[in-house]
Amino acid sequence: MKYVIVGGVAGGATAAARIRRVDEGAEIVLFERGAHISYANCGLPYYIGGVIGERDRLFVQTPEAFGQRFRIDVRTRSEVVAIDTARKVVEVKAAGGRTYTEPYDKLLLSPGASPVRPPLKGIDSTGIFTLRNVADTDRIKEYLRNRRVEHAVVVGGGFIGLEMAENLRHAGVQVAVVEMANQVMGPLDYSMAALVHRHLLQKGVGLYLGQAVEAFEETASGLKVKLRSGLEIETGMVVLSIGVRPETALASAAGLKLGEAKGIWVDEFLQTSAPDVFAVGDAIEFPHPLTGKPWLNFLAGPANRQARIVADNMVFGPKVKYEGAIGTSVAKVFDLTVASTGLPAKRLKQYGMPYLSATIHSSSHAGYYPGASQMTLKVTFSPTDGKLYGGQVVGYDGVDKRVDELALTIKRGGTVYDLMQVEQAYAPPFSSAKDPVAVAGYVAGNILCGKMTPLYWRELRDADLSQVALVDVRTADEFALGHIDGAQNVPLDELRDRLDEIPSGRPVFLYCGVGLRGYLASNILKGNGYADVRNLVGGLKTYEAALAPVPLPETASACAAGPSADACCRPEAADGAARVVRVDACGLQCPGPVLRLKKEMERLQPGGQLEIRATDAGFPRDAESWCRLTGHRFLSQSCEGGTYVVRVAKASACGAEAARTAPAGKGKTFILFSDDLDKALATFVLANGAAATGEKVTIFFTFWGLNAIKKERKPKVGKDLFGRMFGMMLPSSSRKLKLSKMNMGGLGSRMMRHIMDRKGIDSLESLRQQAIDNGVEFIACQMSMDVMGVKREELLDGVTVGGVATYMERADRANVNLFI
Ligand SMILES: Cc1cc2nc3c(=O)[nH]c(=O)nc-3n(C[C@H](O)[C@H](O)[C@H](O)COP(=O)(O)OP(=O)(O)OC[C@H]3O[C@@H](n4cnc5c(N)ncnc54)[C@H](O)[C@@H]3O)c2cc1C
């Protein structure tokens, strides 16, 4: 039997070797267009970056050694240019241009895929590369060497693009990634990709997201990349990594059927539409096991597995079925490991498949054992039976084994309940007794059975907060470090005693750091009669990551600029003599690291320094805010393999006190004492103007001013006689406010609103909403509320109730204080 194989790398070489292993008498001819066979294309970016030092390491086999070991007729630099399926021959163009025909009994096509090169203006300019094979690699290496490239643009933020970005950085080149989508790593959902964005920025990679390339132009110093948005990037070279297409030209010309996804169509035995012609690898399409829809898989694992199956089917007849691949992939992106399997939420949405999802933040191994790092894991699943649809994992350590467990469960048709039954080997250096995969299963199970009603980050982002009670159940310290605007703080441990502060007549949205305390709080509220309680999935950590802006490189933080941005740190204070206490907070979830910081700082002598290592990616920012609040000095931060190292110096007692009480900025405060329509209008106009400068703005509503922040539709509240009397006599909401002059029994204020409307000037209510949206803080005077019998429920959501001290504290930090 004579077997002819087209393509000598992943699929082709593997199939050839397998045929020999199962059929010693077979005649095998392997055609490869390039000069090499069986090379490590997945290793090419690492050779470019110098991580793989020797070029020879890329070659798993030489044509000669491979041919000799398996007795295969390996013909490199030989391109198969045509197939005659009727005569069962292929036409071959050999090196030097000679063509000849070669007959076959069974033919295997494994021609791979080719990089997309869109017909953009200037695409053929010198310095624009794609990466698919050794020849491409050599060209890029040589260009880097000869041109002393300082800056490169990688177009495309898929896994090969990001591997190239990392390796170009290793090679000492500044890198910017241009990506047409609003995120890198297409197989991830946005909230997971956002973790990768943060890491890339920390590593000094510039990100142009949502930006399409329009043209390239050669310049005296290199290239100009022109974006559709009008932006232009000066660079030394470009690596195009915007995807690949299955190599189907040969198959198509031979009349083989192509499928819907434009890959070579094969049946379950990997046989094409022509008798005795088989195909595997990147070139084929195959139904996705979860959707049944045609699917292209550009991955080495499936290509190798298909090769083994097809070899057996070619030798023994159609016996072994291929079950399809679900796109399980893993990539190293600097210190991060990014992995996914199955279908993410966005793909499920596209397919119209109902789904739910759960996101957890966990440690790679027991937090108390040194070196634990953070990991975020998201699963998608069916809302009816919990069938697992997909998994995404982003972290530092142990990501690969988790994604493999998820992939196995999906391929077995398993559910989220099966995740709880995966039996992981456990010891502290490797895992936790509750492994992240099991925890994801528990959370998903709670969502499925209705024990926890999920609130997804997009839902919270788009919610009308005036219609819900948004409750932050973290500690007061955490709340002070930053919270979602409009949230009230009721720490979990005080919740049972402070239930009266949480309105029961509308939905309650809970959130905490990562989702756990929110879940516990939701149980308490539900147990106390609250009907509509939802918990933010993935907590503030997911919400903040998903909403974090990705600045364009021009405006990017300083750490995105220099070659040493890897360190991502500010110059450390030259206080070399200070005693440094080192603390390990790795593995602790937020707020663990910042609480630890606080505790250790209390023990430290003034002038002493604390170096704290944590794996919570939000910790450096939290630590910085904490220092601002407390007056201690934030000295530096750096990131070493997923561990964040923060150094802080303790201020003297009076220094810390001074910092706490000194005017810390250029904030503005307004006291709205009046409930005159014109004065309230002036207040909100001024507040919005001040907020636009980015400064902290606070309005303190006292006495009559409270009427400007009353809800139009108020819940029923109990009041004493005086409270009821005040209620009858005072304006019930901002709509009833009068003008300070020319009110004329209400005619004046109606006229004023009418004129404002005609002239396109925002109404009082709209200006007030703008102020809320601009982050202006509304404080209602507790004492005035008591005197006038105004209840908190009658006031707009998001209003903080506070006393004089609260106002004075804000006023102390402001340089403008107005009484209106
Ligand atoms: C830079 C890079 C990094 C990658 N990293 C990963 C990774 O980390 N993980 C992963 O799973 N996958 C990775 N991949 C993808 C993986 O390499 C492919 O999925 C896999 O190689 C596909 O195998 P294949 O046999 O279909 O095609 P290939 O391995 O590409 O082999 C096809 C071969 O066929 C030859 N050929 C084509 N047409 C003809 C013809 N008419 N006549 C003769 N020869 C022909 C080509 O020259 C080529 O050598 C990476 C790919 C690249 C380029």
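A: Rings of Phe, Tyr and Trp (for Trp, its six-membered ring) count as a pair if their centres lie within 6.5 Å; planes under 30 degrees apart are stacked, over 60 edge-to-face, and the rest tilted. The structure holds 10 aromatic pairs. In one of them, phenylalanine 66 and phenylalanine 70, the ring centres are 5.2 Å apart and the planes stand at 55 degrees, so the pair is tilted. The model is predicted: local features need pLDDT of at least 70, side-chain atom pairs count only at pLDDT 80 or more, and totals for chains, interfaces and linings use all residues. Residues are numbered from 1 along each chain as its sequence is written, and side-chain values use heavy atoms, with hydrogens and water left out.

Phenylalanine 66 and phenylalanine 70 both belong to helix α3 (residues 63–70), four residues apart, about one turn of the helix; helices are DSSP runs (H or I) of at least four residues and strands (E) of at least two, numbered from the N terminus. Phenylalanine 66 is buried at 3% relative accessible area, where buried means under 20%, exposed over 50% and partly exposed in between, with a 1.4 Å probe and protein chains only. Phenylalanine 70, at 14% relative accessibility, also counts as buried.

Phenylalanine 701 and phenylalanine 778 form an edge-to-face pair, 5.1 Å centre to centre with 65 degrees between the planes. This pair links distant parts of the chain, 77 residues apart: phenylalanine 701 lies in strand β37 (residues 697–701) and phenylalanine 778 in strand β38 (residues 777–781). Both phenylalanine 701 and phenylalanine 778 are buried. Elsewhere, ring pairs join Phe673, Phe703 and Phe819 into a cluster.
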